[in-house]
Amino acid sequence: MSTSSSPDNKIESFKSIDLFKQLTDETLELLISNSHEVTLNPGDTLFHDGDPGDSMYVILSGEIAILKGNSMIARKGRGNYFGEMTLIEDQPRSATVTALTKSSLLKIMKEQFLLHLASNPQALMAVLKTVSERSRENLTALNEGIKIFKAQKKLNANLQHLLDDTTNEIYIFDAESYRFIRLNTRAIRNLGYREIETTQLTLFDVMPNMTRENFEELVKPLRSGMVEETGFIEQHHRKDGSTYPIEIRFKLQTTETPPVFVGIGQDISKLTELVNENINLTRYDYLTGLPNRTLILEQLNTELVQANRENLSIAVLLMDLDEFKIINDSMGHTAGDLLLKAVAERLQDWSPTNRHIARLSGDEFIILLSGDSIETQARKAAADLLKLFQNPFSINGQDIVVSLSIGISFYPKDGNDGETLIRQADTAMYIAKEKGKNTTCHYLSDMEAQAKKKLILEGDIRKALERNEFVLYYQPKLALDSETIVGFESLVRWNHPSQGLVPPLDFIPLAEKTRLIIPLGEWVLRTACKQIKTWLDMGFSNPHTAVNLSAHQFSQSNLVATIKEIIEETEIQAKYLEVEITESVLMENADMAAAQLRQLSEMGIKISIDDFGTGYSSLSYLNTFPLNNLKIDRAFVKDITSMEHATLAKAIVTLAKSLNLGTIAEGVETETQKHVLRSIECDAIQGYLLSKPVPAEEATKLLTSSKNTILPWKE
Ligand code: C2E
Ligand code: MG
Ligand code: MG
């Protein structure tokens, strides 16, 4: 900072400054000659808030900043003046002044001010005007401050309550500045800040990948009131620079003053890890840690390639615990789980290499053997296993003896692919059970009768359509929030003249093999749509019905046209029809499926992923198809006996929500399952608890008795 006396030749230039306009040349000359010119370099501070003062300043050139604390409250340039309050009120400086650029100021001391400016009424008026404007500005700033203060300290009761949430991260921030107002403890802790620091942050400090423009685009529907809630998955950055994926939903609260956004987020690192490591929901059994059906099938298929190349044989041993259901029911599911774990351990100990043992489902385990003289090897292994299970298991201090039924199939004798070999072993296992349990059965020798039966069915299936032997059953779906029926899944049955009601799994694979699934599938679609029409005509508002589509139907190029035709013919709206497809159908025919699904979705048809979690879940595909609902497979529901066992179901619900998909749990059989599913925010359930699949007339009765005033689910 330097000072110099003012030169006389500046009078003209000074007269262009408002404050001096009113002064005569003589007065101005005196004022200038008795004042100092001060030069400031960028960053130089002229005075601090609280400093005593005896002068005011007029800016002759450059720019200066007026600061309160760390924030700049005004920026001033040539002709502006400041510091006059000190002279009028005899108060210390009320702000800090710093130069932004190289600046030159005229420093007018108190005596000069009184002598020249205060004695000139017009100049004094100019000064007073500025003084009153400044106090008005201060008042506005104060009001704003009070508003922000109020918003920070006193949120409406419901928002305050929200902050107690201990499972989600809660972010409340100003809807204009995006500055955080309040975060709950969970959010603060996960981000690694101190609470006091968070009010200095905006949303974009923790979500640096998100721009203001992108965010505004995403919340546009919230601002316009079109939707109440929107959400996405983003990376949150902690104070230490580390990141974590968060699934976050936003609401706009206009009831707050000023309006705030409320973000409710969940750290989904665990879920993402599961998926990334490919130890996803689909390849390992979480109870025993053993590979599950998907993985063992992959392993079997790899073995098959090698066996084929090296001319080796393979044996598939499928084991089922005898009377497991009784143990489970009498001792409780926790004991049942412990037993399954103990069985898994015993099997692993028995096969020290640990290779190729898996839990297929429930109480079914599988072992793969390969090498020479496979039949002898397999028989010996089966005998060893039966013996191994003669020793009791100690569960909760109680000794339990369980026996096994084992079915065996061989490659290449009984089949060439993994699915077939497992199926044959399964059939053999059932025969073993029928024979009296605790025994082994080998596929081919015992299965001939069964195979014959299949051949008969295959011949019959052709005629069944003409003879009208198929029947469509309907199983209701219940929305958990409204406790009302929101639609049905249609499930086909074959009313066989000599064998009675044949379940679909006994003839659908056969129908697929013989391509009869195409006309059968069309019959199912038409029958379901006709039923929807009947229900609509009866005045029901919730006749939404789902139809299962098989892979073969999907590879048909005219699937969309057929569905369109049936919808027109039955005179229903497409929105009442839903199609269920499995993940494998999507994965196998990805391109074709994507195109067809898009067309179906554009028509208004709903699309659900069936048996979700059992197939090859690659999360990336979920985004690429126009889906509406995920049906959580029975396998995940079956294990729900308490909150702790609902981890996977919860992970699926979280995932579905992040993708904006609805969730239906399949195979719900108990009140506990229903209760837990509701608490993890699953949308709807389907299962024996509510009703078995029933013929149309009975389904109509169910609709009649359900509260029938609800809105359709997931429009
Ligand atoms: P899905 O689509 O997963 O159907 C659900 C199956 O679970 C049905 O067996 C249903 O009866 C059964 N289920 C429902 N609630 C419970 C429960 O609480 N506990 C138990 N243990 N099971 C329950 P269903 O009718 O035997 O059908 C089996 C599969 O056959 C279906 O599985 C579906 O993939 C296929 N399917 C059925 N109808 C058709 C059809 O019209 N077309 C095609 N392509 N496939 C069909
Ligand atoms: Mg289904
Ligand atoms: Mg299913």
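**Aromatic contacts**

Guide: Phe 215 and Phe 250 are both buried, where buried means under 20% relative accessible area with a 1.4 Å probe and protein chains only. This is a predicted model, in which local features need pLDDT of at least 70, side-chain atom pairs count only at pLDDT 80 or more, and totals for chains, interfaces and linings use all residues. Residues are numbered from 1 along each chain as its sequence is written, and side-chain values use heavy atoms, without hydrogens and water.

Visitor: How do the rings of Phe 215 and Phe 250 pair, stacked or edge-to-face?

Guide: The Phe 215 and Phe 250 pair is edge-to-face, at 5.3 Å centre to centre with 85° between the planes; rings of Phe, Tyr and Trp (its six-membered ring) pair if their centres lie within 6.5 Å, with planes under 30 degrees apart counted as stacked, over 60 as edge-to-face and the rest as tilted.

Visitor: Which parts does that pair tie together?

Guide: Because Phe 215 lies in helix H11 (residues 212-223) and Phe 250 in strand E13, the pair links parts that are 35 residues apart in sequence; helices (H or I, at least four residues) and strands (E, at least two) are DSSP runs, numbered from the N terminus.

Visitor: And which residues form the aromatic cluster?

Guide: One aromatic cluster includes Phe 173, Phe 215 and Phe 250, with Tyr 171 and Tyr 178 also among its members.

Visitor: Switching topic, which charged end sits over the ring of Phe 393?

Guide: That of Arg 346, 3.7 Å from the ring centre of Phe 393, the criterion being NZ of Lys or CZ of Arg within 6 Å of the ring centre and within 35 degrees of the ring normal. The charged end of Lys 692 likewise sits over the ring of Tyr 688, 4.6 Å from its centre.

How values were computed. Chains lettered and ligands numbered in written order. Buried < 20%, exposed > 50% of the residue type's maximum accessible area, 1.4 Å probe, protein only.
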